[in-house]
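Colleague: I have a few minutes before the group meeting. Could you walk me through how the strands are arranged here?

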Amino acid sequence: MSAPRLRGGRLVALLATAAVALGIATTGLLAAAGAFRGPASAARCTVPALPGRVVDVTTADMGRGMMGGAGPYGMGMMRLSTSPAAVGAGTVSLRVFNAGARPHEVVVLPLPAGQATGQRAIGADGEVDESGAVGEASRSCGADSGDGIASGATGWTTLTMQPGRYELLCNLPWHYAAGMYAELDVTGR
Ligand SMILES: [Cu+2]
């Protein structure tokens with residue numbers, strides 16, 4: 001009777017060690033990725049060759065598991081980035097890949113002189129005033145306006161941009177407040 005009990009005890013100890021090791025590995029991975037999650041399902045799109053200078057925009061979030069409900073979310077739980085951050089004036093195409101778990105969009109608004117990104121007033125509905133927008137990409141696997149770019153999908157838009165500072169933002173409720181904005185500078189030719 002004592003031998004099986006000892007074996008069982010060893011097994012439990014082994015499992016506990018394995019669990020701790022797995023826990024450390026998972027924590028390390030989360031830290032490395034900043035807890036940002038990849039798309040749950042790959043809704044890959046066939047993106048056509050886009051005219052003009054192409055700016056890649058990536059939207060990301062920490063996943064539905066980390067952020068329940070419809071917001072508000074914590075600052076920094078969502079993000080938006082552009083590459084490059086500056087581009088020449090003229091025909092500019094935004095190619096927006098949604099690396100997050102939730103739907104996102106990109107709205108392009110001029111930045112008033114002296115105003116930094118992230119400073120717009122947020123309404124009770126969690127959105128910012130997007131009047132004066134010069135463009136939008138919010139369609140899954142398509143151009144311009146739609147119902148939001150799904151997780152893993154790409155949306156795009158082609159604009160004629162004048163030199164100036166612009167703020168690219170996601171205006172789905174509370175996404176701006178969670179950190180979804182980035183500056184794009186359009187320079188003279
Ligand atoms: Cu968003």
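Modeller: Keep in mind that this is a predicted model. One part of it is an open sheet of 4 strands, which run in the order 2-1-4-7 with mixed pairing.

Colleague: Which strands stand at the edges of that one, and why is one side of each left without a neighbour?

Modeller: The edges are taken by strand 2 (78-83) and strand 7 (154-161), and because each has a single partner strand, one side of each is left without a neighbour in the sheet. From one strand to the next, the twist averages 20°.

Colleague: In what sense do strand 1 and strand 4 pair?

Modeller: Strand 1 (residues 53-61) pairs with strand 4 (residues 90-98) in the parallel sense, over 7 bridges. Within that pairing, Arg 53 stands opposite Val 92 of strand 4, and Val 55 has Leu 94 of strand 4 as its bridge partner.

Colleague: And how many bridges join strand 1 and strand 2?

Modeller: There are 6 bridges between strand 1 and strand 2, and here the sense is antiparallel; Asp 56, for instance, has Ser 83 in strand 2 as its bridge partner.

Colleague: Switching over, what is the strand order in the open sheet of 5 strands?

Modeller: That open sheet has the order 3-9-8-5-6, with mixed pairing. Strand 3 (86-88) and strand 6 (135-137) stand at its edges, and since each has a single partner strand, one side of each is left without a neighbour in the sheet. Neighbouring strands of this sheet are turned by 25° against each other on average, with direction ignored.

Colleague: How does strand 6 pair with strand 5?

Modeller: Strand 5 (residues 106-110) and strand 6 are antiparallel to each other, with 3 bridges between them, and Val 108 has Gly 135 in strand 6 as its bridge partner.

Colleague: On to the inside, then: which residues of the largest nonpolar core touch the most other members?

Modeller: That core has 39 residues, and those touching the most other members are Leu 80, Leu 94, Val 96, Val 106, Leu 168, Leu 169 and Met 180. Two or more residues come from each of strand 1, strand 2, strand 4, strand 5, strand 7, strand 8 (164-169) and strand 9 (181-187).

Colleague: What does Val 96 touch, leaving out residues up to four places away in sequence?

Modeller: With those left out, Val 96 touches Val 57, Thr 59, Val 106, Ala 137, Ile 149, Thr 154, Gly 155 and Trp 156.

Conventions. Residues numbered from 1 in each chain as written. Predicted model: local features only at pLDDT ≥ 70, side-chain atom pairs only at ≥ 80, totals over all residues. Pairing = 2+ DSSP bridges. Axes fitted to C-alpha atoms, helices over the stretch in contact; angles between N-to-C directions. Core = buried A, V, L, I, M, F, W, Y, C linked by C-beta atoms within 7 Å. Buried ≥ 20, exposed ≤ 12 C-beta atoms within 10 Å, placed from the backbone. Contact = placed C-beta atoms within 7 Å.
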